[in-house]
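Good morning, colleagues. Please look at the sequence and the model on the screen, and then we shall go through them together.

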Amino acid sequence: MINSPAGLDDTGVATAAARAGAEVVRSMYGRRLPRIDKGAGDFATAADIEAEQAILGVIRSARPQDAVLGEEGGQQGGTETARQWLVDPLCGTLNYAVGNHLVAVNVALRDGPAAVADPFSGEVFFTDGETARVRRPGGTEALLAPTSATRLVDVNLDPPFPSAPAFRAVNLLAHPGFAEHFRPRVVSTTLALAWVAADRRAAYVTDGGDLSASVHFAAGIALCRAAGCTVTDIEGAPLGPSSRGLLAAADAKTHALLLSLIRS
């Protein structure tokens with residue numbers, strides 16, 4: 001279990017909180033869990049709820065004055081608070097509910113440190129905003145050094161599709177230029193963003209609006225940026241209030257090639 005987080009810096013709080021959530025997710029895996037319907041085919045499980053509570057426990061203990069935006073609990077704390085934590089306690093709930101290990105726990109201080117925990121590998125990917133590292137079981141750490149060597153590109157196909165018909169990820173997969181340079185992988189968890197930062201994926205592509213302040217994506221985006229990845233929206237513009245979706249690539253060359261495929 002995660003003990004008292006008193007005295008931790010913000011990076012330590014993000015890491016401890018993500019680990020606390022991951023511990024809950026791992027411990028509840030394989031159970032028949034009740035589902036909480038959220039509409040439009042989306043749902044949460046008891047693991048989502050309990051993991052978020054564990055994460056909030058760490059943040060409240062270490063930073064009681066900070067606001068929190070949680071995937072399940074919504075906004076907590078004053079909206080005028082300068083510091084806000086973005087929490088997705090179980091990204092990949094559908095995967096988890098059917099016994100798939102492709103899930104992540106995301107914790108990010110908005111515009112600050114962030115952590116993504118893999119409950120099943122035991123790895124925690126984290127950044128202080130300047131560098132990005134991975135902490136493996138046993139306590140060893142390593143800098144993240146993204147490359148496009150794998151040629152694997154994760155594409156998020158989850159609805160809704162706000163950019164259709166101008167852009168639909170499924171069309172990118174059918175583009176002959178895509179098959180010439182890359183091999184597709186399809187996930188529904190932002191663990192894929194951590195994999196881009198960690199040299200396990202060449203890129204990640206998803207539709208959507210401004211994802212920079214999303215509980216689902218903020219931690220992964222922070223990791224990719226700190227690791228030196230090229231991160232924009234699907235039009236090549238900086239992420240912000242008017243941006244559309246996300247294109248995170250291990251290097252500028254891969255980013256430019258995928259952007260050209262998207263535009264064509």
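**The sheet, its helices and its salt bridges**

I begin at the hairpin of β8 and β9, where four residues lie between the strands and G129 adopts a positive phi near 100 degrees. Strands here are DSSP runs of E of at least two residues, helices are runs of H or I of at least four, and both are numbered from the N terminus. The model is a predicted one, in which local features need pLDDT of at least 70 and side-chain atom pairs count only at pLDDT 80 or more, whereas totals for chains, interfaces and linings use all residues. Residues are numbered from 1 along each chain as its sequence is written, and side-chain values use heavy atoms, with hydrogens and water left out.

Strand β8, residues 124-127, pairs with β9 in the antiparallel sense over four bridges; two strands count as paired if DSSP finds at least two bridges between them. Within this pairing, F126 has R133 of β9 as its bridge partner, and F125 stands opposite V134 in β9.

The next hairpin joins β9 to β10. Five residues separate these two strands, and G138 among them has a positive phi near 100 degrees. The pairing of β9 with β10, residues 141-143, is again antiparallel, and it runs over three bridges. Here the bridge partner of R135 is E141 in β10.

Buried means under 20% relative accessible area, exposed over 50%, and partly exposed in between, with a 1.4 Å probe and protein chains only.

I now turn to the sheet as a whole. Eight strands form an open sheet with mixed pairing, in the order β4-β3-β5-β6-β7-β8-β9-β10. Because β4 and β10 stand at the edges with a single partner strand each, one side of each has no neighbour in the sheet. From one strand to the next, the twist averages 15 degrees.

Two helices pack against these strands. Helix α1, residues 10-28, touches β5, β6, β7, β8 and β9, and its direction makes about 155 degrees with that of β6. Helix α2 lies across β3, β4, β5 and β6 and runs at about 150 degrees to β5. Contact means heavy atoms within 4.5 Å; axes are lines fitted to C-alpha atoms, for helices over the stretch in contact, with angles from 0 to 180 degrees between N-to-C directions.

Strand β6, residues 104-109, contains V105. This valine, V105, is buried, at 0% relative accessibility. Not counting residues up to four places away in sequence, the contacts of V105 include A18, A22, V25, I55, A115 and V116.

How enclosed is helix α7? Nine of the ten residues of α7, residues 218-227, are buried, so the helix is largely enclosed by the rest of the structure. Among the buried residues are I221, L223 and C224. After α7 comes G228, with a positive phi near 100 degrees.

Finally, the charged pairs. How many salt bridges does the structure hold? There are eleven, each defined as a side-chain nitrogen of Lys or Arg within 4 Å of a carboxyl oxygen of Asp or Glu. One of them joins R83 to D66, with the closest N and O atoms 2.9 Å apart. This pair links distant parts of the chain, 17 residues apart: R83 is in the loop between β4 and β5, D66 in the loop between α2 and β3. R83 is partly exposed at 28% relative accessible area, whereas D66 is buried at 12%. Both belong to a network of salt bridges that links D10, R63, D66 and R83.

E141 is partly exposed at 34%, and R133 is partly exposed at 25%. A further salt bridge joins R244 and E235, at 2.2 Å from N to O; R244 is partly exposed at 24%, as is E235 at 40%.

Thank you for your attention.
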